[in-house]
Amino acid sequence: MARKASVDSAALALAAAHGQEQEAVYIYEAPVRLWHWVNALAILVLAVSGYFIGSPFPTLSGEASSHYLMGYIRFAHFAAGYVLAIGFLFRIYWALAGNHHAHQIFVPPVHSASWWDGVIHEAKWYLFLAREPRKYVGHNPLATLTMHFVFIWVIVFMIFTGFALYGEGEGMDSWQYRLFSSWIIPLFGQSQDVHTWHHLGMWAIVCFSLVHIYAAVREDIVSRQSIISSMISGWRMFKDHRPPDDGH
Ligand code: HEM
Ligand code: HEM
């Protein structure tokens with residue numbers, strides 16, 4: 001896999017050196033793309049069902065025995081919670097097994113001054129303060145930074161706190177209780193504190209998603225490379241012939 005990334009890099013560098021057009025580079029492998037869309041769907045179900053767990057319907061018409069609405073909502077939440085958690089474990093595995101781009105959001109190069117320069121330039125570009133965006137084969141540095149700190153760590157937090165709450169329902173003999181609830185609930189104080197932090201985590205994910213989708217659509221239109229279609233087909237296409245700035 002690493003070899004493939006270096007073949008991509010070499011092909012790009014060669015094409016750039018000869019002033020040739022680099023039509024497309026295959027960056028997001030099928031498992032990353034599949035995970036991305038399954039994960040997005042799971043988060044949609046989790047945020048909607050989670051919102052209603054936090055603010056349940058005050059009343060429902062008819063006999064209580066004739067409906068099971070909150071039960072179904074909680075079931076949807078727990079099922080999507082398992083999909084999210086198992087999907088995330090798989091994504092960690094693929095960060096190790098996949099190509100160069102598969103581990104990009106897990107290990108942002110925070111020691112690199114030129115990468116930070118890229119973060120600042122992208123921030124200016126998003127704020128309409130830079131005239132031209134840079135050209136990236138992988139994620140741009142600001143996207144990498146945000147996906148690492150506002151996505152990965154918040155998802156880890158949601159999985160840990162979610163399973164801590166789930167373990168309470170499963171009982172003290174369950175693996176969920178032993179692995180998560182037994183230390184997370186005392187760490188936060190008591191169960192209601194875990195509920196509150198888990199709930200706040202949802203708003204962090206909602207904010208991330210809003211900004212992420214806005215940026216994906218915006219960059220699809222104004223950046224120098226393809227964006228949304230790359231997360232569907234896996235291929236990055238370029239709108240000009242100049243060499244990319246991330247050297248991949
Ligand atoms: C992006 C991921 C997630 C979001 C946005 C989310 C959102 C929420 C929200 C808003 C609540 C209501 C909290 C409250 O005000 O009391 C909640 C409760 C809960 N969540 Fe999540 N959650 C996520 C992931 C998970 C995961 C991975 C699990 C593990 C199975 C999980 C299990 C639970 C449980 C057990 C409850 C409490 C249910 C109850 O008290 O009836 N959540 N979640
Ligand atoms: C309509 C909804 C969505 C669209 C159109 C979309 C689009 C995209 C695109 C185009 C990329 C690649 C960006 C690039 O090449 O630099 C991407 C990556 C990513 N998106 Fe989304 N996204 C959506 C929903 C979500 C949601 C809800 C989440 C999670 C909260 C999410 C999390 C991520 C992550 C973590 C990556 C990095 C993928 C990786 O490198 O493994 N996306 N998304």
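Helix α7 (residues 191-222) gives the largest share of the shell around ligand 2, with six residues. This is a predicted model, in which local features need pLDDT of at least 70 and side-chain atom pairs count only at pLDDT 80 or more, while totals for chains, interfaces and linings use all residues. Residues are numbered from 1 along each chain as its sequence is written, and chains are lettered from A and ligands numbered from 1 in the order in which they are written. Helices here are DSSP runs (H or I, at least four residues; strands are E, at least two), numbered from the N terminus.

So who else sits around ligand 2? At least two residues of the shell come from each of α2, α5 (141-170), α7 and α8 (228-233). There are 21 residues around the ligand, and the nearest are Ala40, His139, Ser209, Ala216 and Met231; a residue counts as near if its C-beta atom, placed from the backbone, lies within 6 Å of the molecule. Sorted by class, the shell holds 14 nonpolar, seven polar and no charged residues. For the classes, Ala, Val, Leu, Ile, Met, Phe, Trp, Tyr, Cys and Pro are nonpolar, Asp, Glu, Lys and Arg are charged, and the others, Gly among them, are polar.

Now hop over to ligand 1. It has 24 residues around it, with Gly50, Gly54, Gly81, Gly162 and His195 the closest. Two or more residues come from each of α2, α3 (69-97), α5 and α7. Here the largest share, seven residues, belongs to α2. The class count is 15 nonpolar, eight polar and one charged.

How do the helices themselves pack? Two packed helices are described by the angle between their axes and the distance between the axes. Axes are lines fitted to C-alpha atoms, for helices over the stretch in contact, and angles run from 0 to 180 degrees between N-to-C directions. Take α2 (residues 30-54) and α7: their axes come within 11 Å and cross at roughly 140°. That makes the pair oblique, therefore, because angles under 35 degrees count as roughly parallel, over 145 as roughly antiparallel, 65 to 115 as roughly perpendicular and the rest as oblique. On the α2 side, Ile43, Ala47, Gly50 and Gly54 meet His199, Met202, Ile205, Val206 and Ser209 of α7; contact means C-beta atoms, placed from the backbone, within 7 Å. That contact splits into five nonpolar, four polar and no charged residues.

α5 also packs on α7, at an angle of about 150° with the axes 9 Å apart. Among the residues meeting there are Phe157, Thr161 and Gly162 from α5 and His195, His198 and Ile205 from α7. The contact divides into 12 nonpolar, six polar and one charged.

At α6 (residues 175-188), α5 has another partner: the two axes come within 8 Å and cross at roughly 110°. The two helices are therefore roughly perpendicular. Residues in this contact include Phe160, Tyr166 and Glu170 in α5, and Tyr177, Phe180 and Ile184 in α6. Its classes come to eight nonpolar, four polar and two charged residues.

Finally, the annotation. UniProt, in an unreviewed entry, places "transmembrane region" at residues 35-54, 75-93, 142-166 and 197-217. In the model, residues 142-166 are 100% helix, with end C-alpha atoms 34 Å apart, and residues 197-217 are 100% helix, with ends 30 Å apart.

Note on methods
Contact = placed C-beta atoms within 7 Å. UniProt positions renumbered as here; feature names shortened; annotations may be inferred.
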